[in-house]
Amino acid sequence: MAKAATRYVCQACGAVAPRWQGQCADCGAWNTIQAEATAVVTAFAAKHSLAGGGRTIAMTSLADEVALPDRLSTGIAELDRALGGIGEGPDVKAGLVPGSVVLIGGDPGIGKSTLLLQAAGRMAAAGHKVAYVSGEEAADQVRLRARRLGLARADVALAAATSVRDILTTMAAGPPPALLVIDSIQTMHSDTLEGAPGTVSQVRASAQELIRYAKASGCALILVGHVTKDGQLAGPRVLEHMVDTVLYFEGERSHQYRVLRAVKNRFGGTDEIGVFAMGASGLEEVANPSSLFLTAREDGQSVSGAVVFPALEGTRPVLCEIQALVVRLPSGATPRRAVVGWDSSRLSMLLAVLEARCGMSFANHEVYLNVAGGFRVQDPAADLAVAAALVSALTDKPVPHGWVAFGEVALSGELRAAGLAALRLKEAAKLGFAGAFVPAGTRGGAMKVAALATLGALVDRLAA
């Protein structure tokens, strides 16, 4: 009789060690290695090859004309936008693809369960069969939250369970639902393996069985995932490879807004975002995100160090305000650089370009940079807006009221064109802005533009 072997698996990265040790040699995490039983390998099984004995798989041609499944709208436009379908054609709806698997993660209390319960209620109201399985709350607790959200009469099949076998047996007893929500995958347990829920083997096995059911039945599956203290999805990294779409719910608890961002999407772009605002009755859609990230000021009032930047998130322009503060220090003191909402290394590079190419020294100044509203900017076209804010703060001269700035700054001090400039300018004009500082060659359309070839030209305009 073959004896079951034991292996030691890191719960943070999935690395396998020959024996227990305090620190994982691969990821460096402490006290994350746990013992797990492996499958029994007999001498008979080891001698037989997998090259024969299986069934023949039917192969199809990529060129075959096949009717593609229609996407399912969740009833929440911002969630549909993040899931994909925007810009794929006039007849293509945004939303869930039948048979797809979506993994959504975020900090505790950010609103993952609230968003999915609202989506489940709206899909049920549209006539779709929806099932919601909670492994963290009792059914009555979920029902209480549904009443607070105004979904008390939503026809959503609700259950509290953690056994994957019980869930799949229940789903197989009737027609498959259009949407199945599992909250969360770290609480699911498969009785085919030993180990507590949340371990690497349990998360991988439970997800595999649920994904297999979704692909075979055509049911859209949404898995809620926990995150670590570093903001990464807990469990094995292979979980993100197994699913079709990975969404992150971002935002600070001190701020009202929430951003749903796709970091992987097999059925759409990974640059679309959905914006929500947390209210008393749940998450509310924000059709105009720029209203959240712009500081309301009276007409004609401007302050030094504040510049509006038309960022681009996928096909959606979002206007945000970049604020800079420059404080002079006594000679010999070490200046501090603090950045919120932007890349700190990119700020260091921009300060070096301003000093080397434009003759502006920040060596004796502390520099503080902030993106208003808690928004995080990843667009490289923010270079020009940040530079304008820094120059304005250092010279204590405000940027002209009603002007925006965007463009990428090269190490040589040259300004490079930004993508989809017309869309950025159109959004700025719609919100009442009159002009824009842009790289040379950018067409302004209905807006007045100041086309600049180098960063030095911007300094001359603002410092004059």
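1. Is Arg165 buried, partly exposed or exposed? Arg165 counts as partly exposed, because its relative accessibility is 47%. The model is a predicted one, and the points below should be read with that in mind.

2. Arg165 forms a salt bridge with Asp191, with 2.7 Å between the closest N and O atoms. The pair links distant parts of the chain, 26 residues apart: Arg165 belongs to helix α5 (residues 164-172), while Asp191 sits in the loop between β7 (179-183) and α6 (200-217). Asp191 is also partly exposed, at 46% relative accessibility.

3. Salt bridges in the structure number 12. Side chains of opposite charge can pair when their charged atoms come close. Apart from the pair in point 2, there is a network of salt bridges that links Lys215, Asp244 and Arg266.

4. Another salt bridge joins Asp140 to Arg143, where the closest N and O atoms are 2.6 Å apart. Both residues lie in helix α4, 3 residues apart, which is about one turn of the helix. An α-helix has 3.6 residues a turn, so residues three or four places apart point the same way. Asp140 is exposed, with a relative accessible area of 54%, whereas Arg143 is partly exposed at 37% relative accessibility.

5. Arg145 and Glu137 form a salt bridge as well, their closest N and O atoms being 2.8 Å apart. Arg145 counts as buried, at 10% relative accessibility.

6. Tyr248 stands opposite Arg261 in β10.

7. What is the count of disulfides in the structure? The count is 0. For Cys10, the closest cysteine sulfur is that of Cys24, at 3.7 Å, which is too far for a bond; the cut-off for a disulfide is 2.5 Å. Cys10 is buried, at 1% relative accessibility, and Cys24 is buried too, with a relative accessible area of 5%.

8. Helix α10 (residues 383-395) has 13 residues and reaches 18 Å from its first C-alpha to its last, close to the 18 Å expected at 1.5 Å a residue. Of its 13 residues, 11 are buried, so α10 is largely enclosed by the rest of the structure. The buried positions include Asp383, Leu384, Val386, Leu390, Val391 and Ser392. Just after α10, Asp396 takes a positive phi of about 60°.

Definitions and conventions. Residues numbered from 1 in each chain as written. Predicted model: local features only at pLDDT ≥ 70, side-chain atom pairs only at ≥ 80, totals over all residues. Heavy atoms only, no water. Pairing = 2+ DSSP bridges. Helix = DSSP H or I, 4+ residues; strand = E, 2+ residues; numbered from the N terminus. Salt bridge = Lys/Arg side-chain N within 4 Å of Asp/Glu carboxyl O. Buried < 20%, exposed > 50% of the residue type's maximum accessible area, 1.4 Å probe, protein only. Expected span 1.5 Å × (residues − 1).
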